[in-house]
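The sequence and model come next.

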Amino acid sequence: MDTLFGDQYDAKDEKSNLFADIILPVPIPKMFTYKVPRNLSEEIGIGYRVIVQFGKKKVLTGIIGKVHQKPPSNYEAKPIMDLLDSYATVNPIQIRFWAWMAEYYCCHIGEVMNAALPSGLKLSSESKIQLNPTFDADTCSYPLDDREEILLQALGQKEEMSYEDCESVLGLKSIHVIIKSLVIKEAILVFEQVKEKYSPKVEARVRLANAYAADKKLLEALFNEISVKPKQEEILLKYLQEVPVYKKPELNQKGIEKKVLTDAGLSTSSLKTLVKNGILEEYKLIVSRFEREEGSDEEISLSSEQNEALIQIKQEFEEKNTVLLHGITGSGKTELYITLIKEVLAGGSQVLLLLPEIALTTHMVGRLRKVFGSKMGVYHSKYSDNERVEVWNGVLSGKLSFVVGVRSSIFLPFDSLGMIIVDEEHESSFKQFDPAPRFQARDAAIMLSWLHQAKTLLGSATPSFESYYNARMKKYGYVALDKRFGEAQLPAYYLADMLVDKKKNLLKLDFTRMLREKIQEALNNQEQVLIFQNRRGYAPYISCEDCGWIPECEHCDVSLTYHQFGEEMRCHYCGFKEKVPNTCPACGSNKLSAVGLGTERIEESLALLFPEARIARMDLDTTRSKYGYQRLLEDFGSGNVDILVGTQMITKGLDFDKVTVVGIMDADRILYFPDFRAGERAFQQITQVAGRAGRRDKKGSVIIQTRKPDQAIFEQIISGDYKQFYIQEMGDRQRFYYPPFVKIIKITTRHKDFKTAEKAAKYLHNLMGEIPVKKILLGPEKGLIGKIKNQYIFESIAKLDRSSNAQAQFKHELQHILEELQAQKEFRTVRFVVDVDPY
Ligand code: ADP
Ligand code: ZN
Ligand code: ZN
C-alpha cells in the first residue's frame, strides 16, 4: 500500500482545508487534529477508522471524533494517512458515551477508546518495509553495497522488517535511497492483513422507499395500482412478509438481501423495475461472516407471580427510566428477562443483557440461545479478539440485535438500544479496576440507556445499597418478586458455632459437626454439596482464638487490616493505626493469631474427612483456561463431582437440581473485611450462595460456620429481611459519611522512590484542599499494600456531596492540578491514578 507514503503523505494540498479531530488509543488529554487529504474529504465522517502517524514512527488507528475547518493553532497538522473502512465503526452516541465516561471517571477519551474497541479494530504498528515484488537482483541497475545485500537477504527471509531494525543495519539515509530506487518499498503490512481478516462481507440489498414505509395509505394505494402487474406484486408481498413495516422509521432502513428475493424464484427484471420506479431502493450492507443456527423457542408461560411482576415493571417504566427488580434466588428472573427482551426486539430496538463475568458460562446463556438463536451475540472476556470483532461487526451490521455480555459489552456499537438489563446488579465485578477507564458498568449502563432514550432494568436478589437507596428515594422504580418458582422453597439455615465445637473437640479440620453431618447425609442420598470460602490472596486479619474478638477501627465501621510489617493494625479509610496487642482486650487470652483458610486447604481436609467423595475445587487457579470454568460446571452438572469447593465463583447463577447442602466455612471472614461495604457484601454473598441450595422439590440446607452466631446480620439473612438489614447499615453509612450518602474519589500516587511519592502525594493533597467545593479529604495515607512492583503507594480520599455540580467542579479542577503536577520536573515520573466511586 504505497499510497500511504506516496504523494498524499507529503503533499501540501492548499485547496483542501478540512481537518479532523482524531481519538487515539493513548492516554493523552485531547483529540489530535489532522489534515484531511482532499481525496478522502468526501468519504470520511465521524466514527470512521483512520490511520495516522503519531510521534515520529508510531502509526495508530484512530477514530474520527469531529470534522471541521479550523487548523490547530500551536502545531502543524499532519495529514491522515489512510481511511480503513467505507463506513463508521463507531456511532455518534458512542462518541458521546466515551466523552461522558472520560469526564465522569477522570480519564482520557483515548483510554476509553482503548477499552472500547477490540484490539483487532485498532492495531497499531511501526512503519515496516518489505522487498518490492518486482525487484530482481540480477537485472537491478542500482549498485548494491554490502550492507544493502545483508538487508535484502534479511528481508527475503522475513518478508517484512521494522523500520528500526532496518535502520540499525543501514542507517536512515540509505533506507531512503533504496526506497527511492524501488528495491524495497514501505508498507504497513499489519493493516493490510487486518483489513483482509476482519473485513466483513458486503451484501446487496433492497428496501422499501421511505415514503411507502412511512405512510400506510400510500402503501395501500401502491398495491391497488400494482395488482395489474402480478410479478411486481409478488415481490412486494414477499418483501413485506420478510420485513414488516415497523413503527420506528429508522428500522425500515434495514431492508432485505436481494438474494432472498431472487432465490425465491421471483423475477429479476420486475425487481429492477420496482427499483427503477423508486418503490424499492438498492443499498449495500456490511455484514459479519458469522452465522449461527437459529433458535428453537420452547414456549414457557410465566407463573402468576412472574406475570404480576412483569406488569409492574412495565408500569414503572412508564414513569421511570430505571427499575430495580428485587427477586429472590430461584424466583425465575431469567424468564422475566426473556419476555421483556422479546417484546423490545419485536418493537425493533436492540437489547443488552449485562452479566457478571462468570455467569456467562452457565446454563442461562444456553437458555437464551435457544430462545434468541442467531440474533443473539455473546461477548465474553475470555473470547479471542477475532470473536470480539465478530460480535462488534454483528451489532454494527444489525445482524445481532441482542447481546449478552460482560461489562465491556457496553461499548458495542448499538445504535437503537431499547433496554439494558443488568442481572446481579450488586456484583462488584461490574467495576473495572485497572486500567482506566475505571468504570462501573451498571452505572455506565444507566447513562448509556439515557443517551439512547432506553430503559434500564436492574435485577438482583440482594440489591446494592446504591440501587436500593435510589429505589427508596423514588428515583428508580421498584418491583419485588419474593416467591421461588414452582414448588421450590427457600433453604433452611443452620448457624454452626465453631468455638463451641472447638471446646467440645468436635471441630475437625475446621469443619463443625453440623456441617460434617449434613455433608454425609447428602452424600448418602447421592445429592451434591457446595462449600464456600472466599479466600483470595493472603491478607490475614487478627482474631482471638478464644472469644472471636476482631479488632475494629475506633473511627470507622470497618475492621483493621493486619500489616505484618511493623506489627500494626491499620484503618484503610481514616488512617487510624494501632500496634497489635499482646493479649485480647476482650477476654485477656494471649491466643491472638492471624487467621487464614483457603480453598486448597479445605479441599484437602474434605478428602480426609470424606475419603469416598469426589471433590473438585473452583477458584481463579482452576479456571484460568478458556473453558476451565465450563468444564468444571459440566462435571458438576453431570454428577461426576459430589462436593465442589469454591470462592465467590460458585455463588453466581448456578442452577443445579441436586445441590441440597451449602456450607459457608467462615462467615466471620466475610463480615470483618476492612471495607465499609463488608456488611453489605456478606449479606449478598451468603444469600447468593445459599440460594444455590434446594432449587427444585427437595428443600436445601445452608450451614453457616461462625464464631459469633448471635450477630444481627445472620438473623436478617435467615429471615430474608433485607430491608431491616439495609436500614441498620445505612445508619452507619450516614454517620461516617460513606456512599450512597457521599461520593468517593480515590487518588493514588505511585513512585519508585518513597520520598518522591510521599512528597507528590502531600503536594497533591494540599492542592486538592484548595478546591472550593464542600468535601472531606482523608490521607494521604500509605496504601493498604504500601509497595507494589517496587512502586510506593499513597492514597487520598475525597468525599463529596452527591450533587453532580460539586463533583464535576472537583473533577475538573483535579484534572488541572494533575496536569500541573505532572508538568513539574520532579513529579514527571510520578503516576497519579484517579478512581471515581472506588470499590
Ligand atoms: P433466578 O435467576 O431468579 O435465581 P432462575 O431464572 O434461574 O432464577 O429460575 C429458577 C429455576 O426456575 C430455573 O431452573 C428456571 O428454569 C425455572 N423457572 C423459572 N420460571 C419458570 C417458568 N415460568 N416456567 C418454567 N420454569 C421456570
Ligand atoms: Zn478474646
Ligand atoms: Zn478508620
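Axes are lines fitted to C-alpha atoms, for helices over the stretch in contact, and angles run from 0 to 180 degrees between N-to-C directions. The model is predicted.

Take helix 13 (residues 304-319) with that in mind. It lies across strand 13, strand 18 (455-460) and strand 19. Its direction runs at about 180 degrees to strand 19.

These strands belong to an open sheet of seven strands, in the order 15-16-14-17-18-13-19, and the pairing is parallel. Strand 15 (376-379) and strand 19 (477-481) are at the edges; each has a single partner strand, so one side of each lacks a neighbour in the sheet. On average, neighbouring strands here are turned by 15 degrees against each other, direction ignored. Strand 13 (residues 322-327) pairs with strand 19 over five bridges, in the parallel sense. Leu325 has Val479 in strand 19 as its bridge partner.

A second open sheet has six strands, ordered 20-30-29-21-28-27, again with parallel pairing. Its edge strands, strand 20 (492-497) and strand 27 (615-618), pair on one side only. Strand 21 (residues 528-532) and strand 29 (residues 659-664) share five bridges in the parallel sense. Ile531 is bridged to Gly663 in strand 29.

| Helix | Strands touched or crossed | Angle to strand 29 |
|---|---|---|
| Helix 20 (residues 513-524) | strands 20, 21, 28 (643-646), 29 and 30 (701-706) | about 160 degrees |

Terms used:
Residues numbered from 1 in each chain as written. Chains lettered and ligands numbered in written order. Predicted model: local features only at pLDDT ≥ 70, side-chain atom pairs only at ≥ 80, totals over all residues. Pairing = 2+ DSSP bridges. Helix = DSSP H or I, 4+ residues; strand = E, 2+ residues; numbered from the N terminus. Contact = placed C-beta atoms within 7 Å.
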